[in-house]
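I opened the notebook to record what I looked up in this structure, beginning with the annotated regions and going on to the contact between the chains.

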Number of protein chains: 2
Amino acid sequence: MSTRAGPTGPARRRQILREAARLFAERGFHGVGVDEIGAAVGISGPAIYRHFAGKDAMLAELLVGISSRLRDGGIQRVRDCEARGLPPSAALDSLITGHIDFALDDRALITLHDRELGQLQEADRKQVRQLQRQYVELWVGVVRQVHPGLSERRARACVHAVFGLLNSTPHLSRPASLPDRRETADLLHRLARGAFAAG
Amino acid sequence: MSTRAGPTGPARRRQILREAARLFAERGFHGVGVDEIGAAVGISGPAIYRHFAGKDAMLAELLVGISSRLRDGGIQRVRDCEARGLPPSAALDSLITGHIDFALDDRALITLHDRELGQLQEADRKQVRQLQRQYVELWVGVVRQVHPGLSERRARACVHAVFGLLNSTPHLSRPASLPDRRETADLLHRLARGAFAAG
DNA sequence: GTGCGTGGTTAATGTTCGTTAACCCACACC
DNA sequence: GGTGTGGGTTAACGAACATTAACCACGCAC
């Protein structure tokens, strides 16, 4: 049997990423050292390099992963709604719900997502921005179907603003002040719809 | 006459703070060195220490300044509306307008405001948080007058979310894509009102 | 005109931190 | 039973960086 080691292989990788995301969100990319990340998973310091090429690579993987998940999930949701013959309004609701789920379940990632983009190297930053842009454009298309009066520019501005609204989740409540998740999700959903309706 | 020097006294201080805010917003507090801040104002490196006790002190002054300006401006606006016998709805509009002006005119500061709070020392962080809390409570009071159905908890959640919406300004448009400021400000104002109305 | 405060300068210091080196051990496999 | 590899360890290295030291020049008060 293994003498004392923790997870191994890709599981260890995921564990490191999870803890790194938490720490980066808490204290910023430059605010946390690799030793701390190692300590958070029970190994120490340079062992990280058995799993990642470096600190930058971890951040890049996190940010690309977030952006991909958001975009792919959004595409999937819109496609599902279309396939089931639902109206654009249902697609918008689905997009909002998906984004809220993500924001509530992966706070740390949402925080990182727009806080630490600047720390990436040019190539990675370009990729993340492209994914983000595609996600935004997906929303813009649906929003303009639901609110045909909106110009593309205005719709895009609305989408960015609503993202800001939805991503405010990490600022809501320190410890346990969000008693039921359902209630918070519903509120955010209504606020987002209200904002779009007013746009 | 002075041989070659730039501004002097408190003017130089303000100049340093302005450039530091810009750089911190661009690359994060830990991502920029004092040498760069000095270079941005035409002096080099340790000359900063003639004006500030250290890098931390600069950030603290920036964040306390932002929070104070927001809170004091908000209090002033609400008081003005009350003094002129205007309805709560006018006070809310005034709060929104003031916040948008700030967000549009001082993007860097808005960015810093919730990105770098964690880098402060405990004492400063406590002060900033207190100012922020007072600002939020000011909004909550007004919002609950305008929308009496809202519980305090829900109103607070709405206010946080709307802050997220209004503070999304830095994410809107890279270079010059906000053609007229007026239009952007109006849009954000309507979105904020729409969100509150839906809360 | 001597003196001092203000705001610079460059060089030095000490630490922190990312990364690499060198080494090691357990297990799978043949 | 040797061996290779995956995943650890600690020590060493080198760069970056905040801060301090030592020094200097100007302008103004007396």
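**Annotated regions of chain A**

I began with the UniProt record, an unreviewed entry, which lists residues 33-52 of chain A as "DNA-binding region"; UniProt positions are given in the numbering used here, feature names are shortened, and annotations may be inferred rather than shown by experiment. This is a predicted model, in which I took local features only at pLDDT of at least 70 and side-chain atom pairs only at pLDDT 80 or more, while totals for chains, interfaces and linings use all residues. Residues are numbered from 1 along each chain as its sequence is written, chains are lettered from A and ligands numbered from 1 in the order in which they are written, and side-chain values use heavy atoms, with hydrogens and water left out.

I then looked up the geometry of residues 33-52 of chain A, and found the span to be 35% helix and 0% strand, with its end C-alpha atoms 14 Å apart. Helices (H or I, at least four residues) and strands (E, at least two) are taken as DSSP runs, numbered from the N terminus.

**Fold of chain A**

For the secondary structure of chain A I counted eight helices and zero strands, and its C-alpha trace spans about 60 × 40 × 35 Å along the principal axes.

**Contact with chain B**

I found 30 residues of chain A in contact (heavy atoms within 4.5 Å) with 31 residues of chain B. The two chains bury about 2,700 Å² between them, 57% of it on carbon and sulfur atoms, where buried area is the accessible area (1.4 Å probe) lost on putting two parts together, summed over both. Arg115(A), Arg153(A) and Leu191(A) supply 18% of the area that chain A buries against chain B, more than any other three residues.

I counted two salt bridges between the chains, a salt bridge being a side-chain nitrogen of Lys or Arg within 4 Å of a carboxyl oxygen of Asp or Glu. One joins the side chains of Arg153(A) and Glu183(B), at 3.5 Å from N to O. The elements giving two or more residues to the side of chain A that touches chain B are α5 (107-115), α7 (152-166) and α8 (181-198) of chain A.

**Relation of the copies**

I noted that 100% of the interface residues of chain A are also interface residues in chain B, so the copies meet through the same surface.
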